[in-house]
Amino acid sequence: MAEAKPYEWSQTDSEVAVRFPMPAAAGKDIKVKTESSHLTVSLAGKSVFKQELANKVEVDDCFWALEGADESRTLVITLCKKKDKMQWRGLTKEEEEQVPGPDVMAPDFDVMGLEHDDDDPERVEEQEQNEIKLEARYKKLLEEKGLQDESTLQTFFALFDNCIQLYRLNKLHTYLRDVLPECRKRTDKYKLKAVQAMAFVLWKQSKFKEALPLFHEMEDILGKGAALCENIAHTYNSMGNYDKAEDYFRQALKFIEQEHGLNRGNRGGVLLGLGLVRDRLGKHREALPVIKQAYDFYKERANGAPASLQAKAGISCAKLHAKLGEMEKAEVFIREAVMMYEVTCGETSPLTASAYHELGKCLWAQRKREDAQKALARAYELESMKDAWDLVTLLEIHNTLMDTHLKDTTNINRTKFQEYFKTTEFVTGRVRKNLPQDGNAAVYYKAAGELKSWGGKYSEAKELFNEAIPLFQKEKAMDCSGLIAACRDMLSFCDRNLAGQQNSPMNFDVPTSKEESLDEPYDGPVFEEVQDDDENAAMEEVVRAAIGAGTSSSSAAPVPSPREYRLAAPGDFEQALRLCAECGRTPLLADQAGFTTHLQGSGAGLCWAAVSSGRVVGFAVCGSDGIHAHVQQLLSSSTVGGRAEEELRHGLLERCAEACREKGLRGLRAEPSVAGERGGELFEALSWKASHFVYGSPATVVEEAPAAAATPAAAASSSSSSSAAKPAAPKDLGTWAKVDVEKELVADEGVDPSIVPEKVIQKEDFGPEGQGLELPTKITKYSWDQTKANVSLYIPFDGVGSLPEGDIVCVFRPRGVLLVISHAGKRHWYKVPNLCTDIDTEASGRKLKSDHVVIKLRKAEQGREWSALDDSKERYNKDREFRLQHGDLKGASTEQLLADMYKNANDEERAGLRDAMRVNQEKRKADANPGKGA
């Protein structure tokens, strides 16, 4: 016989009601904790319910109340369903699993129950299961009813919402090629949904030029809005059209304020986009605080839970720290992002793959060799599995991974390369099956062959070199003679080892010279185990070549010094990508459309190429903001080598500086990172001046005096120097570095920006005691009350009264309090870093009871009543006042004002607001029908 449950439950389309009989001893000892998928109930100190709910609920709209009196009292908890009209098969997840689920193939199956909700915590396993169910249903309906049927389309878009979270981009693109033309014939919601779906898929595939007209088509259908303006802005940003990007980002911010209020909506996404505009203009230090605000926005919204958007912003923070040479700070952000992506998106997600790649690069830059190898190996494996995989990215990981084994080391263990065979073989298979068999495929076969050679698999390596050579021979876009020669040298090396004519140890020490600088590149080991001098010289040459081939310079043969410099052209795109791969650098302009747009836009007349024998061996990417020019990336073929490479880089920069002068720009600037690891030395050798980590060319650096101080002579000289007008400076983007966006927008409208309430939450620093606090040991239960003089905090903790005095630490700050209880090897903690108002830290203290801690906070302002324990209510009231006077609540109706208050109220306040809303609705009805009821 089944055990009787201590509750009863029922449901409507929108709510679930759970009833618990109240024991007589309960009194007021009732504790109810509602989370999005969990419910915990305690009566009279006894837990009566603590389980995962069958489905999600809207926490802010849930409430409880007592019904009846004396012995018939009942606790009634009302849960608001996350998805309306979805019928729960049980109250708890356990109950639901015991009830047979509906048949996904049944005609009346509700696909909306499987549709992914963006606000839900991301669960990749659940999404993968739903993908299987929805895809099976979609194929069945497609065959039986066709795309014209609404149930088929409804199922497809539920499938789309699940698959887009899993990055099934190629699959969705294939489906949409059939769905979009059919939906364009319709006049209902499915037309817009199909256009939107294809736009997002193309965007995520980095096909920005194809996605843009679809976003504009949506703009024509819907009109402008916050989300759409943001999407268009990100697209323009990715294409290199920064003026358009900034314009749409500004519009997005205004719509966010109008639609959602301050610091709400997707403000984080817009800030992220604005920061990337600064970053792509080479202004990394200006971009960092903007990106950091986006990160803080998502972190606050996640409220301690892992969130993929927080991870995304964290990666952007890390990249900027890396560009500024702050690798340790970058590592902290990336490690957090890896953890969050694994939890929210899955261990094999493309986002997880990219995060591991960033982590590997960051660790290797710090020469944390073993950790870098683990991260890069994982990135290699995951990138190879991607639905929309990219060969350039795979080659970059491959080359960096080889570097970690071959560069800056005193020992090479060749057996380690065997750990990467499985991934390399998988990628080789995909290249053969899915890519055109051209020079690009040949580069990967060569790289895979070199890896096999290092791992001692000479026969398998020979197959790959023999596969690469004829493809290089057919390639006409560039001179491949050096690559062919390198492959043939490696073939000879493999043949000698297979024939037993050469002994190549699998583990050997790398000789070093005492005079050799640690920063100098390593040329390779010298073997002394061959029979004659000629053979020894040949072996040394091949092994040196093999060492070099494993590094980021592996894809090219040595070339002579450049003989020609010319302005960059759109046709240089492929060679620029090849240079990035050689240098182990991420392409700044990753697609042809963005590359061309940049050369015709902010980089027009400023980007230069160095050419030797018809082959691009150096490239300088520059852009202008209308005032200064900025070097954004400097690439040079490492196979040029030594003094010739230094002269090549100098020549490129000199021509960029000359182009800057000819355009009448104030100066040419660059951060050291744009030129690689030793960029600072390069700019100093050219006598460029450093200021705030930014170098400026000496011929163009000028002191910027205030505009009012300009002399008439200077003005006359300026006006007579050229009859052509100089480029007009675009609207200053520097304000976004401080980004108090609302103040900027209010100032644009002629209103005093000081009226905008501060958004930044000022939080106290608790010093060493506040470091290393872990989320699982946070104390979440507490209560508080106040008198005119004090605020009392009551924090329960079993057995705290018997703990040693030194295990309980309480830190007081003018606007914060921290309690740390050390017990059983863990630090349990509770803190409020932003108290409602100031306290007197000297007069505050704590007392220990047997099972709880009492903290007395002495008010600095005696007699002032605190609206809440922290300053959230105070900040909300200031924010609301601003919204009423200048923002989205200006001119709002009484009902709209009550509804807004309801969102930020507690249970008791909400009960009163519901009554007020009901009275207001009844009054409106009475006003509309004055003749009735008299």
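Visitor: Why is Glu-396 called buried?

Guide: Glu-396 has a relative accessible area of 6%, and buried means under 20%, exposed over 50% and partly exposed in between, with a 1.4 Å probe and protein chains only, so Glu-396 counts as buried. This is a predicted model, in which local features need pLDDT of at least 70 and side-chain atom pairs count only at pLDDT 80 or more, while totals for chains, interfaces and linings use all residues. Residues are numbered from 1 along each chain as its sequence is written, and side-chain values use heavy atoms, with hydrogens and water left out.

Visitor: Where is Glu-396 found, and what is in contact with Glu-396?

Guide: Glu-396 belongs to helix α15; helices (H or I, at least four residues) and strands (E, at least two) are DSSP runs, numbered from the N terminus. Once its neighbours within four places in sequence are set aside, Glu-396 has contacts with His-357, Lys-361, Gly-584, Arg-585 and Thr-586, where contact means heavy atoms within 4.5 Å.

Visitor: What makes the reach of helix α16 close to the expected one?

Guide: Helix α16, residues 421–434, has 14 residues, and the expected span is 1.5 Å times one less than the number of residues. The distance from its first C-alpha to its last is 20 Å, close to the 20 Å expected.

Visitor: Which residues of α16 are buried, and what covers them?

Guide: The buried residues in α16 are Phe-421, Thr-423, Thr-424, Val-427, Thr-428, Arg-430 and Val-431. What covers them includes α14 (369–385), α15 (391–406), α17 (439–454) and α18 (458–474). An α-helix has 3.6 residues a turn, so residues three or four places apart point the same way.

Visitor: What makes a set of residues a nonpolar core, and how many residues has the largest one?

Guide: Such a core is a set of buried Ala, Val, Leu, Ile, Met, Phe, Trp, Tyr and Cys residues joined through side-chain atoms within 4.5 Å. The largest has 130 residues, and Phe-157, Val-179 and Phe-472 are those with the most contacts inside it. Helix α17 gives the largest share of this core, 9 residues. A second, separate core has 24 residues, among them Val-617, Leu-652, Ala-670 and Leu-682. As for Val-179, leaving aside neighbours within four places in sequence, this residue is in contact with Tyr-138, Leu-147, Leu-153, Phe-156 and Phe-157.

Visitor: Why are β1 and β6 called edge strands?

Guide: Two strands pair if DSSP finds at least two bridges between them. In the open sheet of 4 strands, with the order β1-β2-β7-β6 and antiparallel pairing, the strands β1 (8–11) and β6 (63–67) each pair on one side only. From one strand to the next the twist averages 20°, with axes as lines fitted to C-alpha atoms (for helices, over the stretch in contact) and angles from 0 to 180 degrees between N-to-C directions.

Visitor: How do you know that β1 and β2 pair?

Guide: There are 4 bridges joining β1 to β2 (residues 15–21), and the two run antiparallel.

Visitor: What is the order of the open sheet of 3 strands?

Guide: Its order is β3-β4-β5, with antiparallel pairing, and its edge strands are β3 (30–34) and β5 (46–52). Strand β3 is joined by 5 bridges to β4 (residues 38–43), and Val-32 stands opposite Val-41 in β4.
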